[in-house]
Amino acid sequence: MTNQPQAIESPRNPVTDHLLTHQNAALVVIDYQPSQLQTVASMERDVLVDNIVSVARLAKTFELPVVLSTVHVANGQGPTIPELKTVLSSSAEIDRSEINSWENAEFRRAVEGTGRKKLIMTALWTEVCLAFPALDAMRDGYEVYPVVDAVGGTSVEAHRAGLERIVQAGGQPISWVSLACELQRDWARFDTVSEVVDIVLTTRLLATA
């Protein structure tokens, strides 16, 4: 009996894939500023900072488009926290007065300019600066993926209510670790393996084990 060659399965299209890929997603980062961070009460702030920095490192590793926004820096609010801004140093901050970033024309143009319809969304606070633009973005035809452990609210209840509101509207919650694995997808993708292992395991999970 002659062995027949095994058919090679065609790779999934990274643009049309229903899961997140480096070719169909963009990262949105909203209001990671000192005043917002100081009032987060839904999780430990040090862990929150570590998590959003990990998300930013993943975005840089996979070369995702990044939209970075702040609120009222022009009127005295502090800029993006340095731990995060160091990773996103090449991303210009879009400063605005609107609480809902989707109501800012420059912000919306930046999101549209990514050419991506899947938005990995992060913001402080969950119940306000994440929920409002997430709801608007979904109404405008975007898919929204809130990173649940890289965002924070003014209370546990407020954080949960904000996420529940997004999910009820069609949002798809993810964690920062699941984001890493969804983007990596295959350990044979050697160009990003070492950085992903460093971000997820070496720097974070194994360091605290």
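Trainee: Which residues of helix 7 are buried in this predicted model, and against which elements do they pack?
Mentor: The model is predicted. In helix 7, which spans residues 176-184, the buried residues are W176, L179, A180, E182, L183 and Q184. Their packing partners are helix 2 (45-61), strand 4 (118-123) and helix 8 (190-205).

Trainee: Which residue follows helix 7, and what is its phi?
Mentor: The residue after helix 7 is R185. Its phi is positive, near 65 degrees.

Trainee: Is helix 2 roughly parallel or roughly antiparallel to helix 8?
Mentor: Two packed helices are described by the angle between their axes and by the distance between those axes. For helix 2 and helix 8 the angle is about 175 degrees, and the axes lie 10 Å apart. Angles over 145 degrees count as roughly antiparallel. Helix 2 is therefore, relative to helix 8, roughly antiparallel.

Trainee: Which residues form the contact of helix 2 with helix 8, and how many of them are nonpolar, polar and charged?
Mentor: Helix 2 contributes V47, D50, N51, S54, R57, L58 and T61, which meet T192, E195, V196, D198, I199, T203 and R204 in helix 8. By class, this contact of helix 2 with helix 8 has four nonpolar, five polar and five charged residues.

Trainee: Is helix 5 roughly parallel or roughly perpendicular to helix 6?
Mentor: Helix 5 (residues 126-139) and helix 6 (residues 156-168) have axes 9 Å apart, at an angle of about 0 degrees. Angles under 35 degrees count as roughly parallel. The relation of helix 5 to helix 6 is therefore roughly parallel.

Trainee: What is the make-up by class of the contact of helix 5 with helix 6?
Mentor: From helix 5, T126, E127, L130, A131, F132, A134, L135 and M138 meet A158, H159, G162, L163, R165 and I166 of helix 6. By class, the contact of helix 5 with helix 6 has nine nonpolar, three polar and two charged residues.

Trainee: What is the strand order of the open sheet, and which are its edge strands?
Mentor: The open sheet has five strands with parallel pairing, in the order 3-2-1-4-5. Each edge strand pairs on one side only, and these are strand 3 and strand 5 (143-146).

Trainee: Which residues in strand 2 are the bridge partners of V28 and V29?
Mentor: Strand 1 (residues 25-30) pairs with strand 2 in the parallel sense over four bridges. In strand 2, the partner of V28 is V67, and that of V29 is L68.

Trainee: Which residue in strand 3 is the bridge partner of S69?
Mentor: Strand 2 and strand 3 (residues 93-96) run parallel and are joined by four bridges. The bridge partner of S69 in strand 3 is I94.

Trainee: Why is strand 2 described as largely enclosed by the rest of the structure?
Mentor: In a regular strand the side chains alternate between the two faces of the sheet. In strand 2 (residues 66-71), V66, L68 and T70 are buried on one side, and V67, S69 and V71 on the other. The strand is largely enclosed because its buried residues number six of the six.

Trainee: Is T114 buried or exposed, and which residues outside its sequence neighbourhood does it contact?
Mentor: T114 lies in the loop between helix 4 (105-113) and strand 4. Its relative accessibility is 16%, so T114 counts as buried. The side chain of T114 reaches the backbone nitrogen of R116 at 3.2 Å. Leaving aside neighbours within four places in sequence, T114 contacts A26, P65 and V67.

Note on methods
Residues numbered from 1 in each chain as written. Predicted model: local features only at pLDDT ≥ 70, side-chain atom pairs only at ≥ 80, totals over all residues. Heavy atoms only, no water. Axes fitted to C-alpha atoms, helices over the stretch in contact; angles between N-to-C directions. Helix = DSSP H or I, 4+ residues; strand = E, 2+ residues; numbered from the N terminus. Parallel < 35°, antiparallel > 145°, perpendicular 65-115°, else oblique. Contact = heavy atoms within 4.5 Å. Nonpolar A, V, L, I, M, F, W, Y, C, P; charged D, E, K, R; others polar. Buried < 20%, exposed > 50% of the residue type's maximum accessible area, 1.4 Å probe, protein only. Polar contact = N/O pair within 3.5 Å; in protein donor to acceptor, adjacent residues only side chain to side chain. Pairing = 2+ DSSP bridges.
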